[in-house]
Amino acid sequence: MSTTAETPAPAVAEAVAATPEAGIGQPIGAGIVTALVGFTSSFAVVLAGLNAMGASAAQAASGLMAVSVTMAVGILLLSLRYRMPITLAWSTPGAALLASTGAVSGGWAAAVGAFAVAGILIVLTGFWQRLGALIAAIPVEIAQAMLAGVLLPLCLAPMKALTVSPAVVVPVIATWLILQKYAARWAVLAAFAVAAVGAGIDIAVTHRSLEWAAMAPRIELTMPHWSFPALIGVAIPLYVVTMAAQNIPGTAVMSSFGYRVPWRSAMTVTGLGTVLGAPAGGHAINLAAVSAALAAAPAAHPDSKRRWIAATTAGCTYLLLALASAALVTFVAAAPKGVLETVAGLALIATLAAALTAALTPAEHRSSSALTFLVAASGVTLLGIGAAFWALVAGLLVRWLLRPRADQPTGTNAATSQPATVHGD
């Protein structure tokens with residue numbers, strides 16, 4: 001693929017020419033906003049996923065720091081090398097998958113091994129065209145139905161938390177609803193701020209103490225363990241959702257702003273970043289999807305050749321935010337029960353809606369999509385392998401059994417239809 005920005009359409013070129021020259025402060029500001037939105041809108045999902053996999057508080061903090069650092073370095077490498085506003089993100093749907101799957105055979109070490117294998121598969125996708133074609137061949141309805149099933153338990157968490165910590169959870173949900181109407185981009189960030197204030201008041205009133213020593217950033221390394229159930233039940237679904245819900249839409253978002261992502265380089269950087277971050281607890285990094293627009297759109301800078309500054313700034317900001325990982329985990333651990341799950345669930349509601357829409361819109365494949373969704377949402381584990389894998393198997397099997405006759409039109413697939421993206425990635 002070409003690594004340079006495409007020539008803008010005449011109307012766009014005229015608009016850019018008529019725009020007053022912007023200073024360097026504009027892309028720097030856009031980069032800071034990109035990182036803040038990307039980090040605060042879904043870090044709770046990452047922590048929920050790592051905790052469900054069996055990570056201790058220190059290992060979860062290390063994992064959050066690992067993905068923050070690896071994606072920051074990846075952004076700097078790609079944006080400086082290609083002078084393009086290429087931004088990366090941690091795999092939010094992948095983290096949701098981990099939260100839904102829960103502990104696997106072999107424990108945390110086996111989960112770390114699965115993270116590394118997912119990274120290797122991402123690297124192979126950049127070099128082996130057939131592997132990329134195989135992922136693109138998965139029907140978009142099945143992939144999105146699996147994602148929706150994985151997200152459902154997390155999205156139900158705010159409702160369950162209402163019965164556990166209503167004094168904190170009710171203001172959080174109310175804030176999120178109000179901002180959804182007036183400033184949706186900041187809804188999750190505002191909800192997190194209200195949750196932090198509420199949790200802080202609760203901690204003070206109940207005289208619980210914070211472990212100040214645990215707030216210092218540090219890396220906890222774990223030797224990967226190779227477990228077949230973890231490889232099948234975690235590594236493969238993690239790879240599939242990361243590719244289908246992040247990397248493929250990420251290239252489409254960049255294309256919409258006139259940029260052609262260097263596919264092989266992007267997959268190499270994100271795949272190797274995932275492999276290197278795995279021993280520290282990092283689950284997966286990938287191309288940013290929704291948040292990519294914050295650095296690649298004209299709002300970042302009227303001149304498309306100057307927007308790489310926004311991406312570079314975002315990378316530097318992520319490095320600073322990584323230092324707060326341990327403090328966030330310590331604070332969350334002391335917060336009332338259900339607060340973290342509430343923020344994570346609210347962050348994923350838009351993604352759930354988009355995934356369900358993509359999964360159930362084609363009427364001819366609705367049965368297979370519905371079954372995929374139900375199996376993934378069930379959380380069932382068979383032969384030590386999680387529900388996400390069995391959801392893919394069941395959905396593809398039923399879709400094949402109920403396939404239309406040769407003279408009937410077929411449904412869309414991931415190669416021709418863009419999967420749902422993750423809100424605030």
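Among contacts in the chain (heavy atoms within 4.5 Å) between residues at least 6 apart in sequence, 84% join residues at least 24 apart. The model is predicted: local features need pLDDT of at least 70, side-chain atom pairs count only at pLDDT 80 or more, and totals for chains, interfaces and linings use all residues. Residues are numbered from 1 along each chain as its sequence is written, and side-chain values use heavy atoms, with hydrogens and water left out.

**Overall make-up**

- The chain has 18 helices and two strands; these are DSSP runs numbered from the N terminus, helices being H or I of at least four residues and strands E of at least two.
- Of the 425 residues, 54% count as buried, where buried means under 20% relative accessible area, exposed over 50% and partly exposed in between, with a 1.4 Å probe and protein chains only.

**Helix pair H10 and H15**

- Two packed helices are described by the angle between their axes and the distance between the axes.
- Helix H10 (residues 187-205) and helix H15 (residues 325-334) have axes that come within 9 Å and cross at roughly 60 degrees; axes are lines fitted to C-alpha atoms, for helices over the stretch in contact, and angles run from 0 to 180 degrees between N-to-C directions.
- H10 and H15 are therefore oblique to each other, given that angles under 35 degrees count as roughly parallel, over 145 as roughly antiparallel, 65 to 115 as roughly perpendicular and the rest as oblique.
- The crossing of H10 with H15 is left-handed, meaning that the near helix is turned anticlockwise from the far one by less than a right angle; clockwise is right-handed.
- H10 contributes Phe-192, Ala-196, Ala-199, Gly-200 and Ile-203 to the contact, and H15 contributes Leu-328, Phe-331 and Ala-334.
- Seven residues of this contact are nonpolar, one is polar and none is charged; Ala, Val, Leu, Ile, Met, Phe, Trp, Tyr, Cys and Pro count as nonpolar, Asp, Glu, Lys and Arg as charged, and the others, Gly among them, as polar.
- The buried residues of H15 are Ser-325, Ala-326, Leu-328, Val-329, Thr-330 and Ala-334, and their cover includes helix H2 (25-40), H3, H4, H10 and helix H14 (308-322).

**Helix pair H3 and H4**

- The axes of helix H3 (residues 43-52) and helix H4 (residues 57-82) come within 9 Å, with a crossing angle of roughly 135 degrees.
- This pair, H3 and H4, is therefore oblique, and the crossing is right-handed.
- On the H3 side the contact involves Phe-43, Val-46, Leu-47, Leu-50 and Asn-51, which meet Ala-60, Gly-63 and Leu-64 in H4.
- The contact of H3 with H4 comprises six nonpolar, two polar and no charged residues.

**Individual residues**

- Asn-286 lies in strand E2 (residues 285-287) and counts as buried at 0% relative accessibility.
- A polar atom of the Asn-286 side chain lies 3.4 Å from the backbone nitrogen of Ser-91.
- Leaving aside neighbours within four places in sequence, Asn-286 is in contact with Leu-88, Ala-89, Trp-90, Ser-91, Thr-242, Gln-246, Asn-247 and Thr-270.
- Gly-113, in helix H6 (residues 107-127), is buried at 0% relative accessibility.
- Not counting residues up to four places away in sequence, Gly-113 touches Pro-224, His-225, Trp-226 and Leu-231.
- The C-alpha atoms of Gly-113 and Val-234 are separated by 9.6 Å, with the two residues 121 apart along the chain.
- Arg-83 is in the loop between H4 and strand E1 (88-90) and is partly exposed at 44% relative accessibility.
- Although Arg-83 is not a glycine, its phi is positive, at about 50 degrees.

Terms used:
Polar contact = N/O pair within 3.5 Å; in protein donor to acceptor, adjacent residues only side chain to side chain.
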